[in-house]
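Open the model in your viewer and keep the sequence beside it.

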Amino acid sequence: MISEFIIVCSGLTLLVAGLAAIAATRNMVKIVMGLQAMILGSLLLLSLACSANNVSSEDMFILLASATAATEALSMAIILLVWERFKTINPQDVSELRW
C-alpha cells in the first residue's frame with residue numbers, strides 16, 4: 001500500500017516537474033529533458049496500473065523506456081542540426097523552417 005503511494009507521488013512529481021521545465025525555459029535541450037521527465041512519470045503510473053491488472057508491467061516499462069530513449073536521441077540529433085544551421089538552441093529564434 002505504501003509503495004503504491006510512493007510510486008504515484010513520484011510519477012505525479014515527474015509529470016509536474018516536466019511540465020514546469022517545458023513552460024519555464026527557452027532552451028531546446030531543457031525542453032527535451034522536461035518531455036523525458038513527463039514520459040517517465042507517465043510510465044511509472046502506467047506500470048502501476050498494469051501491475052494492478054496482472055499484466056507484465058516490467059516488460060512494458062522496459063519496452064516503452066527504450067522507445068523513449070530512442071526518441072530522446074533523435075530529438076538531440078535534431079537539436080544538433082538546428083545548432084549547426086542557426087547557432088542557437090532558442091526555439092523562438094529559430095523561425096525559419098526552410099533549410
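Among contacts between residues at least 6 apart in sequence, what percentage join residues at least 24 apart? The share is 54%, where contact means heavy atoms within 4.5 Å.

A word on the source. This is a predicted model, in which local features need pLDDT of at least 70, side-chain atom pairs count only at pLDDT 80 or more, and totals for chains, interfaces and linings use all residues. Residues are numbered from 1 along each chain as its sequence is written, and side-chain values use heavy atoms, leaving out hydrogens and water.

Show the chain as a cartoon. You will find 3 helices and 0 strands, counted as DSSP runs (helices H or I, at least four residues; strands E, at least two) numbered from the N terminus. The order is α-α-α. The radius of gyration is 17 Å, well over the 13 Å of the globule rule for 99 residues, so the chain is more spread out than a compact globule. That radius is taken over C-alpha atoms, and the rule is 2.2 Å times the number of residues to the power 0.38. The C-alpha atoms fill a box of roughly 50 × 25 × 15 Å along the principal axes.

Next, select Met28, Val32, Ile79, Val82 and Val94. These form the largest nonpolar core: buried Ala, Val, Leu, Ile, Met, Phe, Trp, Tyr and Cys residues joined through side-chain atoms within 4.5 Å. Buried means under 20% relative accessible area (1.4 Å probe, protein chains only). Both α2 (28–52) and α3 (57–86) give two or more residues to this core.

Now center on Met28. Leaving aside residues up to four places away in sequence, Met28 touches Ile79, Val82, Ile89, Asn90, Pro91 and Val94.

Technical notes:
Buried means under 20% relative accessible area, exposed over 50%, partly exposed in between (1.4 Å probe, protein chains only).
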